[in-house]
Amino acid sequence: MTVVEYFLPRSLAQAVDLLSRHGPDLLVIAGGTVAMPLINDGISLPRQVMGLRFVGLDEIEPSDGGLRIGATTTLTSLLRQRHVPMLAEAARRTASWSIRNMGTVGGNLFTPPPGGDVAVALLALDAEVTLEGSRGRRTLALSEFQTGFMTTALEPQELLTGIGVPAVAGETTYVKFGRKEANTPSVVTVAVRVARDGEVVTDARVALGAVGPHALRARKAEAVLVGSSLEPGAIDEAAEAAAEECEPFDDGIASAWYRRAMVRLFVRRALEELVQHVALEGR
Amino acid sequence: MKVAGHHVLDAGPREVFDAACDPATLLAVIPGCEAIEQVAPHEYQGSLVLRLPGVGATFRTFVRLVDADPPHAAGMEGRVEGPMGTIAGRADFGLTEVDDEPAHDGRPGAGSDGRSIASRTLLEYRGEAVIQGPLARLDSRFAESLANTLIAQGLQALNSHLIEASSTVAPASGRPSPREAPE
Ligand SMILES: Cc1cc2nc3c(=O)[nH]c(=O)nc-3n(C[C@H](O)[C@H](O)[C@H](O)COP(=O)(O)OP(=O)(O)OC[C@H]3O[C@@H](n4cnc5c(N)ncnc54)[C@H](O)[C@@H]3O)c2cc1C
């Protein structure tokens, strides 16, 4: 069985209408960098495919001090924006030029680990996702959207239309560790955000990628950081907590054991980098 | 493909067993389950809609309960058929009553929402399946991780269902979280 119909709706309304008419057997594709290899390899055999390229969801706009990212914004556009440096860095560390030109920010939220590098940064920024279908529109925290390995809260008749990044306080660091420097699958990806009042941490996010069924928040590590002054003892303790609470897996890139060890190392490095960065800026 | 794990559910083995054999309950708790009907005393047939990244498909499912020893144990033989392949296998599960285990909040005899409940059940499962067709080309990590996710979500939903069904005395509050530990 091969693709017999390919739809290219010109508006969101058309796309939603097609989806409700054809149901879940209509495969939605954004950049296609995850979906097309599956189709070409004969693993995915959709009869009908809908491309989202022309539905007009590819804008990035500042909003209320934060950012509004259309679901089909390419990773290249995310890399080029200057509003949220951690998102540009996350995009820069994702895949290669050619994949970034096709691959979308929305698509990254569906990519199973070890993929999903941009999702990790978005999680540390408390991002929300907007979902729209024939029954209307709803907004969910990204942490509630990703529900398991390859599963999300998206209903069969819904599309992901946008990602909202609120105006959040604090400094950020993003570290992706792979076997190579560029264009490499992640062993572990770490995104941290820390807000402080003077020396004291008032709010912290530690998001991890490639060490669980989807991007995860290391909540115990976050709890260790809040109230600390990011002193070496607190950083070590947070790194240890993150290593304990992650849920790593074995694959061709790394063993679960190694991934856990690298969580310990790279959470510590990310936090140390953040401290150094703040010290330099404060001069 | 192999899966194994255990969960603690906030109801007695009898209630868990009955719920697991009730098509209406199964329809409500199985992720993506769109239809289910009983076609013979211990046989069910239904359809499952899974919209996975890169794959949009409806799967036909057939499940037969075998070696049932209610309410302690049962086996399930089943087949899931979709455009990209077939998954066929067998799973066995055992139900044991747990009454003295410290509850989620450390107090004995309290459910995951702190409510006092009569008993709880340790559900242990182990399953093996053979994947055929294009789907078999995927790394087995994908199928196993996905199966573990769907089982965890299904059992979480089953637990909510059991708590709701038994909550004529005090309404359930909050989201129950059965402890899960895939082996
Ligand atoms: C060679 C290579 C290297 C890669 N390296 C990395 C890497 O380093 N890091 C990383 O994170 N990823 C990597 N990826 C994965 C992928 O390229 C990115 O995650 C990309 O962001 C996916 O976006 P897409 O638009 O191409 O997804 P698509 O393939 O278009 O989408 C995948 C599926 O997601 C769903 N979907 C997508 N958008 C929507 C929507 N708006 N509404 C509803 N459903 C939707 C659909 O089911 C769709 O079929 C790599 C891929 C390749 C091929």
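What distance separates the centres of domain 2 of chain A and domain 3 of chain A, taken over C-alpha atoms? In this predicted model, the two centres are 20 Å apart, and the contact between these domains takes 23 residues from domain 2 of chain A and 30 residues from domain 3 of chain A. The domain assignment of chain A places domain 1 at 5–51, domain 2 at 60–165 and domain 3 at 171–281.

**Nonpolar cores**

- The largest nonpolar core has 35 residues, of which Ile69(A), Leu87(A), Leu109(A), Leu122(A), Val129(A) and Phe145(A) touch the most other members.
- At least two residues of this core come from each of β5 (66–70), α3 (75–80), α4 (85–92), α7 (117–124), β6 (128–133), α8 (142–145) and β10 (158–165) of chain A, and α7(A) gives the most, with seven residues.
- Domain 2 (60–165) and domain 3 (171–281) of chain A each supply at least three residues to this core.
- Leaving aside residues up to four places away in sequence, Val129(A) touches Leu109(A), Arg138(A), Thr139(A), Leu140(A), Leu142(A), Phe145(A), Leu160(A), Gly162(A) and Ile163(A).
- Another core, of 34 residues, lies apart from the largest one, and its members include Ile253(A), Val263(A), Phe266(A) and Val278(A).

**Nonpolar surface**

- Val3(A), Tyr6(A), Leu8(A) and Phe54(A) make a nonpolar surface patch of about 360 Å².

Technical notes
Residues numbered from 1 in each chain as written. Chains lettered and ligands numbered in written order. Predicted model: local features only at pLDDT ≥ 70, side-chain atom pairs only at ≥ 80, totals over all residues. Heavy atoms only, no water. Patch = residues over 30% accessible without salt bridge, like charges linked within 9 Å, V, L, I, M, F, W, Y side chains within 5 Å. Areas by Shrake-Rupley, 256 points an atom, 1.4 Å probe, with all protein chains shown as cover. Salt bridge = Lys/Arg side-chain N within 4 Å of Asp/Glu carboxyl O. Core = buried A, V, L, I, M, F, W, Y, C linked by side-chain atoms within 4.5 Å. Buried < 20%, exposed > 50% of the residue type's maximum accessible area, 1.4 Å probe, protein only. Helix = DSSP H or I, 4+ residues; strand = E, 2+ residues; numbered from the N terminus. Domains from an automatic or database assignment. Contact = heavy atoms within 4.5 Å.
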